[in-house]
Structure formats: C-alpha cells, structure tokens
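Please look through the sequence and the model shown here.

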Amino acid sequence: MIDILNDITPKDLLPSIHRLFELSGQKINLLQRSWDSGKGTPVFTVKGEYTSRGWTEWTQGFQFGSALLQYDATGDESFLEIGRKATVNYMATHVSHVGVHDHGFNNVSTYGNLLRLMREGRIPHNEWEKHFYELALKISGAVQAARWTDLGNDCGYIYSFNGPHSLFADTMRSLRSLAVAHQLGHVLMGEKDSKISLLHRLIRHAQTTAKYNVYFGEGRDAYDIRGRVAHESIFNLNDGSYRCPSTQQGYSPFSTWTRGLAWILCGYAEQLEFLITLPDKALEPFGGQAAVIAEFLKTALAVADFYIEQSPRDGIPYWDTGAPGLAKMGNYLDRPADPFNEFEPVDSSAALIAAQGLIRLGNYLSMHGGAGRAEKYRQAGITVAHYVFSDPYLSINPQHQGLILHSVYHRPNGWDYVPDGKKIPCGESTMWGDYHARELALLIQRMGEGKPYYTFFLQ
C-alpha cells in the first residue's frame, strides 16, 4: 500500500520539476538530432536509444507533444518550433487514421496542445492557424467516434485496433478527442445525414467500460475485487452479448495490468473535470449531470483505491498485480518497488499516468463536495510524483534518450529489452511514459506556482 506523504505540497516538488524539465530538454534535443522518420515512430528505448516496434502508430503524438509541453513549462521557443513544425509535417495521417483507437493520444497531444497554448495566450493568436488546429481536432474526434460497436439498447463502445469485438481499457483516456471535438461544436455525420453526437458516444463508451472492464466488488464473478481492471472485454458481435474478459498486455484476464488501470484512473478523473463544465441540459439524455457524474466518480474512486492498496509503498507498481514472479518476492507491497529485482519488472509509466489521475481526482473532490476525501487522493498522486521524479527513475545519463527509466511496453510478447546479466527488463524508457512525466510535471508545476490549471479540454 502506498505510504502517503501528507506533508509534501506541489510547491515542494518545484525543484525536482525544474530539474526534470532541464533533463527533458536535453532528451528531446538528443532524440531530435538522431531520429530517422523513415524508421517510423519511436516507441521505447533499447540500450538508451529510442526504437520502433510496429503494432499501431500510437506514440508519435507523444513524441512531438513532449516538445510542446517542454515549451509550456520553460518558455523555450525552440521546443515550440519543434512541436509546431512536426505537427504540420507528420501528424495529418494520424488525424484521419481509421485503424486505431488512439486519437486522444496522438492528436490532442499535438494539435490540442497548440490550440490550448493559443487560447491561453502563450503563443500569438492567428485566426487561420487556430482554424487549422480546430479542424484537425474536429476530424480526429469524429474519426475516433466512427469506430463504433453498437450493442443495442443505446449502448456501445469505441473498439480497439483488435477489431469490433474488442473494448480496451486504454481508450478511456483517448476519449479526450471526442470531448474537444464536441466542445468545438462538431458531430459525426452518418447515413442519411444523421448527426451523431460525439458527447453521446463519449459517455456511452465510458459507461460500457465501467460496466465490463472495471469491477466493483459486487459479486460479478469469483474474482470480483473492487477496483480491479480487465484490459480488454470481448463481445459476440452476432447478438452484442458480452463473452469474457481478456488481455493483450497484462498477465491474465483475472489480474490487473497496472497501466490499463492507470488509463482508466486518469481517464475518468479528467472526464469528471470536463463533464462538470457542461450544462445539465447537455447531459439530460443520460439522466442529467448528477447521475453521470455519480457513475464516473464511482468508477474513479474504485480504481484509485485499488491502485493505492495494491501498489508498493512508493506508489510505483509492478507491471501486473497477478504476475507470477511476485509470489517469490515476499511482502513486496510493504516496501518501495525494486526495479532491479530478478522476478518481475516495475512499470514507471503506469505510475506517471496514475499519479495524474489521483491528483485530478483529489482536486475534483476538493472543488465539488468531496473535500473530506480529496486529500487522500491528491497526496497519493503527489507522493508517487515525489518518488518517480527522482533516483532511480529519473534518467540523468546524458547519452540515454529516455527521461524516466524502468518503463515496460509488452511483457507477454517479450518486446522489452533485458540488460546483460538481468532476467527482466529494466533501465529503459517509453515514449508515453516520458510524455506523461512531462504532463504530470506541468500539472504540478502550475499548481505549485499558482498558474492556470492545466486541462486537456478548452477553457
């Protein structure tokens, strides 16, 4: 269980964050100088150098979005130039990509950050440039919403790259593309010019995810532990019936792949922040704002509690709560995570994503009637950030292109690099881990400096 540090504030973390962004700028420039775009998208490091791994193209937005976050945090315009040029040169195909569920990762991290910076007055206002970003975000949200499996009875989900039968936990955080496109007044046009609400698909997807990918300790099956998350849910498309839990990157359908839980935690927490800005009328088709908020909050609290209880004392989890090697590690939850152990890898990227979700959940509760519970979640997130922004996770080697070490991609497939003399992956970075480190640091930096609160949606 996380040993929550209640005496650390966002302001206390500012020296660590300033150090992180100093290193971050070096890492971005290092990758920028060496990366060959003909190799595809950088995904994870091998011996400290970013390499590709074909599965889907879901990390390019993190590559260029990192430069935009670097500019946001430091004001160094060289990073704005990197992010802006790369968005124009490389991101168009991601906007119209009909084969992935990752639009919120790729396009909100690039076009979305640029539009946000312009609306905040951080970059000069240009009407045509603004329309360019808005058009990209509108199309991106509609394309993602078109990946729709209809389960009947006004239910359904955005299906994963595995196909229409597959509902991924990851997609919960990628719903940000639908939210922004909805804010911009866009809809998905269907047959006979039918107008399909992007907000409708966002909420129905989230409700389906909560129903099938998240467990609430209510007797659903023999392994129904409150807050447990299944990476994937499988449906029979002949009649729309649910068949079973599954996983692609976790150990088993009945354990929790911790990055999948982190996507759920961060996704529901930031959607709570978004939904509370909408008028009740917009949510009337779903029972009204109070009903929708209650459902999202129930889910966020369940997975947050599970994460706190099932993580080591420093809040940095092992890659899956059911990974078999954990049984050989004794009381591993009663001490800090050990990325150099001989049995199972930790996943720092899961910690980075979950930490942001915990902080946002705590901030939401403090503002909307849950002050008595808010401190637990906010401080849990701050605690995780305190540890993951320092040794042995912060990458200080000037030749290593990664920012945060000990992140893993696909343990079951054996894709992650295992150093000589080791039995498990360690010492490497991932593009999403590094991006979410910067995003988490920017959130805390703005809190610590009393600057405008950082959100993905338009304010």
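**Helix packing, cores and loops**

The crossing of H10 and H11 is left-handed, a term used when the near helix is turned anticlockwise from the far one by less than a right angle, the clockwise case being right-handed. Helices (H or I, at least four residues) and strands (E, at least two) are DSSP runs numbered from the N terminus. The model is a predicted one, in which local features need pLDDT of at least 70 and side-chain atom pairs count only at pLDDT 80 or more, while totals for chains, interfaces and linings use all residues. Residues are numbered from 1 along each chain as its sequence is written, and side-chain values use heavy atoms, with hydrogens and water left out.

Two packed helices are described by the angle between their axes and the distance between the axes. For helix H10 (residues 198–212) and H11, the axes come within 12 Å and cross at roughly 140°; axes here are lines fitted to C-alpha atoms, for helices over the stretch in contact, and angles run from 0 to 180 degrees between N-to-C directions. H10 and H11 are therefore oblique to each other, since angles under 35 degrees count as roughly parallel, over 145 as roughly antiparallel, 65 to 115 as roughly perpendicular and the rest as oblique. On the H10 side the contact (heavy atoms within 4.5 Å) is made by Leu-199, Leu-202, Ile-203, Ala-206, Thr-209 and Ala-210, and on the H11 side by Ile-264, Tyr-268, Gln-271, Phe-274 and Leu-275. Divided by class, these residues are 9 nonpolar and 2 polar, with no charged residue; Ala, Val, Leu, Ile, Met, Phe, Trp, Tyr, Cys and Pro count as nonpolar, Asp, Glu, Lys and Arg as charged, and the others, Gly among them, as polar.

H11 (residues 258–275) also packs with helix H13 (residues 348–367), where the axes come within 8 Å and cross at roughly 30°. That angle makes H11 roughly parallel to H13, and the crossing is again left-handed. Among the residues that make this contact are Trp-263, Leu-265 and Glu-273 of H11 and Ile-353, Arg-360, Leu-361 and Tyr-364 of H13. By class, the contact of H11 with H13 holds 12 nonpolar, 4 polar and 4 charged residues.

What angle do the axes of helix H3 and helix H6 make where they cross? The axes of H3 (residues 77–90) and H6 (residues 108–119) cross at roughly 120° and come within 10 Å, and H3 and H6 are therefore oblique to each other. H3 passes H6 in a left-handed crossing, with Leu-80, Arg-84 and Thr-87 of H3 meeting Thr-110, Tyr-111 and Leu-114 of H6. This contact divides into 3 nonpolar, 2 polar and 1 charged residue.

In soluble globular proteins, nonpolar side chains tend to be buried together. A nonpolar core is a set of buried Ala, Val, Leu, Ile, Met, Phe, Trp, Tyr and Cys residues joined through side-chain atoms within 4.5 Å, where buried means under 20% relative accessible area, exposed over 50% and partly exposed in between (1.4 Å probe, protein chains only). The largest such core has 137 residues, and those with the most contacts inside it are Phe-274, Leu-275, Leu-361, Phe-389, Ile-404 and Ile-444. Helix H12 (residues 289–310) supplies the largest share of this core, 12 residues. Apart from it lies another core, of 6 residues, including Leu-151 and Tyr-212. Leaving aside neighbours within four places in sequence, Phe-274 is in contact with Ala-179, Gln-183, Leu-199, Leu-202, Phe-456 and Phe-457.

The loop between helix H14 (371–388) and helix H15 (431–449) contains Pro-392, which is joined to Asp-391 by a cis peptide bond with omega of about 5°. His-400 has its place in the loop between H14 and H15 as well. Is His-400 buried or exposed? His-400 is buried, with a relative accessible area of 9%, and, not counting residues up to four places away in sequence, touches Lys-27, Thr-45 and Glu-428, among others.
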